[in-house]
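Biologist: Could we go through this structure together? I would like to begin with the sheets and then turn to the helices.

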Amino acid sequence: MITVLGASGNTGGRVVRRLREGGEAVRAVGRDAGRLADAAAHGAEPHVADITDRAALTGALAGADAAYVLMPLDLAAPGYRAQQQQVGTAIAGALADARVPHVVALSSLGAELAAGTGFLETLHEQEQRLAALDASVVLLRPGLFFESFLPALAPMLATGVHHDTIDPEVALPMVATADIGDAAAALLRDPDAVGVRELPGPEELTVPDAVARLGAAIGRPGLRYERPPEDVMRAVLVEAGLPADLTEENLAMNAAFNRGVVRRHGVGVLATPTTIEEWARRAVPVA
């Protein structure tokens, strides 16, 4: 049996479907029973547990031959760093308590760095916790999700412009979450798999190129990218309701992208076929 955390999310939901298609018994874990309906419809056992509750997670992981784990971002939780530490220690503790022998964990390119990467620093900390487990652990390090454009889609379509602080000259690895889920499902079924697996996507893209190609794919040619000063972007994000600490984490991560330190290293690279056009045609309503 394989336990999947975040089973109602982009990667977790895909992992559940792929494992069930392969005939695996799956326990699908989430904090909301209603959002686990799709997993249940695919034949998974739904299991409600709070991801910050070590005891509840231990119960969800009991008897599992393998587990897919991740660190979800809760925008409603006060204090990003404290919340991520609580989630990370609960997951690692529960994996140890349940003695899960094989773990596939969602991380990120850049998680090998201890500092200077904003959001990614908490993934580095989690990788260290998982490394201490008596288990075979696979660390999935994907590039920037195509899905990261979705929160800005409405203003992008309204104005024709996407704003962010990433240098327009910097090419970044970008990948579809569906491809990450497919890779995770395959690795969960391989108990001998261990170590880092990079998922940089089919090609590296600058943000202007990604925005233009996304627009063309959904019938909105002419979408473009502008990079405002950091202080302007900070004010925009806070005014939009993003907590101040999350705003700073985001800006710090973008600064790390601009320095070129969040990059592929060619370690255990897995092919991911989905292009940004293919992703956009599936995920974004055509204008």
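**Sheets and helices of the model**

Modeller: An open sheet is built from seven strands in the order β3-β2-β1-β4-β5-β6-β10, and the pairing is parallel. Please bear in mind that the model is predicted.

Biologist: Which strands are at the edges of this sheet?

Modeller: They are β3 (45-48) and β10 (195-199), each of which pairs on one side only.

Biologist: And by how much are neighbouring strands turned against each other on average?

Modeller: The average is 20°, with direction ignored.

Biologist: Take β1 and β4. How many bridges join them?

Modeller: Strand β1 (residues 2-4) is joined to β4 by three bridges, and the two run parallel. Within this pair, Thr3 has Ala67 of β4 as its bridge partner.

Biologist: What is the order of the strands in the other sheet, the open one of three strands?

Modeller: The order is β7-β9-β11, and the pairing is mixed. Its edge strands, β7 (144-145) and β11 (204-206), each pair on one side only.

Biologist: Which pair is parallel and which antiparallel?

Modeller: β7 and β9 pair in the parallel sense over two bridges, whereas β9 (residues 171-175) and β11 run antiparallel and are joined by three bridges.

Biologist: Is β9 enclosed or open to solvent?

Modeller: Four of its five residues are buried, so β9 is largely enclosed by the rest of the structure.

Biologist: Which helix lies across β9 and β11?

Modeller: That is α8 (residues 207-217), which runs at about 90° to β11.

Biologist: Changing topic to α4. Why would you say that its length agrees with expectation?

Modeller: Helix α4 (residues 80-98) has 19 residues, which at 1.5 Å a residue should span 27 Å; its end C-alpha atoms are 27 Å apart, so the two agree.

Biologist: Which of its residues are buried?

Modeller: Among them are Tyr80, Gln83, Gln84, Val87, Gly88, Ile91 and Leu95. The cover over the buried residues of α4 includes α3 (54-61), β4 (66-69), β5 (102-106), α5 (120-131) and α10.

Biologist: What follows α4?

Modeller: Arg99 follows α4, in the loop between α4 and β5. Arg99 has a positive phi of about 55° although it is not a glycine.

Biologist: Buried or exposed?

Modeller: Arg99 counts as exposed because its relative accessibility is 73%, and the cut-off for exposed is over 50%.

Biologist: Now α5. Where does it lie relative to the strands?

Modeller: α5 lies across β5 and β6 (136-142) and runs at about 165° to β6. The helix has 12 residues and reaches 17 Å from its first C-alpha to its last, close to the 16 Å expected at 1.5 Å a residue.

Biologist: How many of its residues are buried?

Modeller: Nine of the 12 are buried, so α5 is largely enclosed by the rest of the structure. Those residues include Leu120, Leu123, His124, Glu127 and Leu130, and the buried residues of α5 pack against α4, β5, β6 and α10.

Biologist: α10 also crosses α9. At what angle do their axes cross?

Modeller: The axes of α9 (residues 230-239) and α10 (residues 244-259) come within 10 Å and cross at roughly 140°. The crossing is right-handed.

Biologist: Which residues make the contact?

Modeller: On α9 they are Glu230, Met233, Arg234, Leu237 and Val238, and on α10 they are Thr247, Glu248, Asn250 and Leu251. These residues divide into four nonpolar, two polar and three charged.

Biologist: Is Thr274 buried or exposed?

Modeller: Thr274 counts as buried because its relative accessibility is 6%, and buried means under 20%.

Biologist: What is it in contact with, leaving aside neighbours within four places in sequence?

Modeller: With those neighbours set aside, Thr274 is in contact with Phe146, Ala176, Asp179, Pro202, Trp279 and Arg282.

Terms used: Residues numbered from 1 in each chain as written. Predicted model: local features only at pLDDT ≥ 70, side-chain atom pairs only at ≥ 80, totals over all residues. Heavy atoms only, no water. Pairing = 2+ DSSP bridges. Contact = heavy atoms within 4.5 Å. Axes fitted to C-alpha atoms, helices over the stretch in contact; angles between N-to-C directions. Left-handed = near helix turned anticlockwise from the far one by under 90°. Nonpolar A, V, L, I, M, F, W, Y, C, P; charged D, E, K, R; others polar. Buried < 20%, exposed > 50% of the residue type's maximum accessible area, 1.4 Å probe, protein only. Expected span 1.5 Å × (residues − 1).
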